[in-house]
Amino acid sequence: MVDTVEEYMAELETDEQRKWTMTFVSFMRENYPDFEEKISYQIPTFKFGKQYIAFSNAKTHFSVHTLDFELVLEMKERLPHAKFGKGCVKVKFEDDDAIPELFKFCREIVVRNQIGM
């Protein structure tokens with residue numbers, strides 16, 4: 001069990017997992033330094049207000065998690081090769097072209113959920 005995002009990244013098994021996680025953690029730290037960074041449910045999580053953006057890894061894919069379920073549904077048109085859960089977008093590691101679209105997804109989560117923070 002890990003306590004920090006750095007510990008989480010250090011324990012990742014593959015280069016792809018490390019690359020994707022470091023890319024998105026760096027993106028969040030640079031763009032949203034005031035968000036609470038923590039490990040929640042054993043994955044890196046950035047909390048703001050009642051919302052969050054979190055990242056996880058599996059053997060073949062990277063996932064971005066959120067409570068903005070409507071935006072997750074909207075992503076189905078923008079990332080046709082991705083898989084989806086109720087609150088997550090799952091992208092295969094070889095789909096590097098998805099990274100800019102996932103950055104945009106993270107920005108949209110923030111913009112859509114800043115009311116009432």
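User: How many residues lie between β3 and β4 in the hairpin they form?
Analyst: This is a predicted model, in which local features need pLDDT of at least 70 and side-chain atom pairs count only at pLDDT 80 or more, while totals for chains, interfaces and linings use all residues. Residues are numbered from 1 along each chain as its sequence is written, and side-chain values use heavy atoms, with hydrogens and water left out. Strands are DSSP runs of E with at least two residues, helices are runs of H or I with at least four, and both are numbered from the N terminus. β3 and β4 pair in the antiparallel sense over five bridges, and the number of residues between them in the hairpin is three.

User: Which residue in β4 does Ala54 stand opposite?
Analyst: Two strands pair if DSSP finds at least two bridges between them, and β3 and β4 have five. Across this antiparallel pairing, the residue in β4 that stands opposite Ala54 is His65.

User: In β6, which residue is the bridge partner of Val64?
Analyst: β4 also pairs with β6, in the antiparallel sense and over five bridges. β4 is mostly covered, with five of its six residues buried (under 20% relative accessible area; exposed is over 50% and partly exposed in between, with a 1.4 Å probe and protein chains only). On the β6 side, the partner of Val64 is Val89.

User: Which residue in the turn between β1 and β2 has a positive phi?
Analyst: Strand β1 covers residues 36-40 and pairs with β2 in the antiparallel sense over five bridges. Lys38 stands opposite Thr45 in β2. The two strands form a hairpin with two residues between them, and the turn residue with a positive phi, of about 55°, is Tyr41.

User: And which residue has a positive phi in the turn between β2 and β3?
Analyst: Four bridges join β2 to β3 in an antiparallel arrangement, and Phe46 has Ile53 in β3 as its bridge partner. β2 is mostly covered, since five of its six residues are buried. The hairpin has two residues between its strands, and the one in the turn with a positive phi, of about 60°, is Gly49.

User: How far apart are the end C-alpha atoms of α2?
Analyst: The expected span of a helix is 1.5 Å times one less than its number of residues. For the 17 residues of α2, this gives 24 Å, which agrees with a distance between the end C-alpha atoms of 24 Å.

User: What arc around the axis do the buried residues of α2 cover?
Analyst: The buried residues of α2 are Gln17, Trp20, Thr21, Phe24, Val25, Phe27 and Met28. They lie on the same side of α2, because the arc they cover, taken from the directions from the helix axis to the C-beta atoms, is only 155°.

User: Which residues are exposed on the other side of α2?
Analyst: The buried residues of α2 pack against α1, β2, β3, β4, β6 and α4. An α-helix has 3.6 residues a turn, so residues three or four places apart point the same way. On the other side of α2, the exposed residues are Asp15 and Glu30.

User: Which residue's backbone oxygen does the side chain of Thr21 reach?
Analyst: Thr21 is in helix α2, residues 15-31, and is buried at a relative accessible area of 0%. At 2.8 Å, the side chain of Thr21 reaches the backbone oxygen of Gln17.

User: With which side chain does the side chain of Asp68 make a polar contact?
Analyst: Asp68 sits in the loop between β4 (61-66) and α3 (69-78) and is buried, with a relative accessible area of 7%. A polar contact is a pair of N or O atoms within 3.5 Å; within protein, one must be able to donate a hydrogen and the other to accept it, and residues adjacent in sequence count only if both atoms are side-chain atoms. Beyond four places in sequence, Asp68 touches Gln51, Ile109, Arg112 and Asn113. The polar contact, at 3.1 Å, is with the side chain of Arg112.

User: How many disulfides does the structure hold?
Analyst: A disulfide is a covalent bond between the sulfur atoms of two cysteines, counted here when the sulfur atoms are within 2.5 Å. The number of disulfides is zero.

Conventions
Contact means heavy atoms within 4.5 Å.
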